Amino acid sequence: MSDSRTLVSTNTQIKNKKTPIWSRPTFSPEHGVILVLFGSFLTGAALAQRWTSSTTLALICAFFTLQVEHPYVVQIKLRKNWKLRYLVWGGVYSSIALSLAIFLWLQSSVLLWLYILVIIGFIVDAIAVIKGKHKSRVNEIIGFATICLSAPLAYGATTGSLSMAAMAIWILNTLFFSSAVYTIKLRRKKTAAFKPGVIYHCTATLIVISLYSLDYLSLVTALSFTLALIKLVVVFGCKEWYRQAKFHSIAIFETRFALLYIAIASISLLPAHLPPN
């Protein structure tokens, strides 16, 4: 058994040596953002109340657009030392995302406005990386806002139009997922203040209430944001555990609230009976 394991390990090392580093795909190490992307996209598709081939293409486009960020951010950080791997895969992901974006735009010209917002998000992120503020609260919120554009993207690609309801879902998703910025920051001594989180959640609650009062969100959809408030109360009540627990446990904690939010928000957007295709 020991000999066979050694043989397998040796073969693996030989294969790795034969495979150039630049040819190995690079993916975002932050798996939480993938959940945000798919969750937001699902709410947009639920609002559209149907799934078409354009919806699928929009999902693929959104996924590869998200993957573009990692190699380019790393390369910006290493701007004095160019890495072929990040340039190659950044180019591959960009080509796929851009091709699909253009195809979808030819079908739904209104998507151009979303593309502009995504480009702005990338530019702001790049500037933050250069200035060493990539993990600042403001930049992370802008990052979530950019990722959550997958909701109106799903709606726009499916229906061929945009609506205030689709943009309201974008804002709601951004507010909810950005709330994690203020809970996660509590684990670090430099950003462990509770006041910023309280101010954020109070402001976000007022925005959600405003969207509901303007009839851009239904009552149940608006109430899904209360999960962010409940999570904040739990974190405050168990702050010692939250600060000292392993990151894996915190990731599970945050993921459960995110999945519950996605489920409630998506189901609340669906009609009693889906229309026939």
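I116 is found in helix α5. Helices here are DSSP runs of H or I with at least four residues, strands are E runs of at least two, and both are numbered from the N terminus. At 35% relative accessibility, I116 counts as partly exposed. Buried means under 20% relative accessible area, exposed means over 50%, and partly exposed lies in between (1.4 Å probe, protein chains only).

This is a predicted model: local features need pLDDT of at least 70, side-chain atom pairs count only at pLDDT 80 or more, and totals for chains, interfaces and linings use all residues. Residues are numbered from 1 along each chain as its sequence is written, and side-chain values use heavy atoms, with hydrogens and water left out.

**The surface patch**

I116 belongs to a nonpolar surface patch, together with L98, I102, W105, L106, L112, W113, L117 and I120. The patch has about 890 Å² of accessible area in total. Areas come from the Shrake-Rupley method with a 1.4 Å probe, and for residues only the protein chains shown count as cover. Patch residues have over 30% relative accessible area and no salt bridge; nonpolar side chains (Val, Leu, Ile, Met, Phe, Trp, Tyr) are joined within 5 Å, like charges within 9 Å. Helices α4 (84–107) and α5 (111–130) each supply at least two of the residues. The most come from α5, which gives five.

**The whole chain**

The protein chain has 13 helices and zero strands. Of its 277 residues, 40% count as buried. The chain exposes about 15400 Å², and carbon and sulfur atoms supply 69% of that area. Contact means heavy atoms within 4.5 Å. Among contacts with a separation of 6 or more, 75% join residues 24 or more positions apart.

**Helix α6 and its neighbours**

Two packed helices are described by the angle between their axes and the distance between the axes. Helix α6 (residues 137–147) packs against helix α8 (residues 164–184) at an angle of about 145°, with the axes 9 Å apart. From α6, the contact uses R137, E140, I141, F144 and A145. From α8, the partners are W170, T174, F177, S178, V181 and Y182. Axes are lines fitted to C-alpha atoms, for helices over the stretch in contact, and angles run from 0 to 180 degrees between N-to-C directions.

Which residues of α6 are buried? They are N139, F144, A145, T146 and I147. These buried residues pack against α2 (31–48), α3 (53–77), α5, α7 (150–159) and α8.

**One salt bridge**

A salt bridge is a side-chain nitrogen of Lys or Arg within 4 Å of a carboxyl oxygen of Asp or Glu. By this rule the count comes to one. E254 pairs with K231, the closest N and O atoms being 2.8 Å apart. E254 lies in helix α13 (residues 247–269) and K231 in helix α11 (residues 226–237), so the pair ties together parts 23 residues apart in sequence. Both ends are buried: E254 has a relative accessible area of 11%, and K231 has 2%.

Q49 and D215 each have a positive phi in a residue other than glycine.
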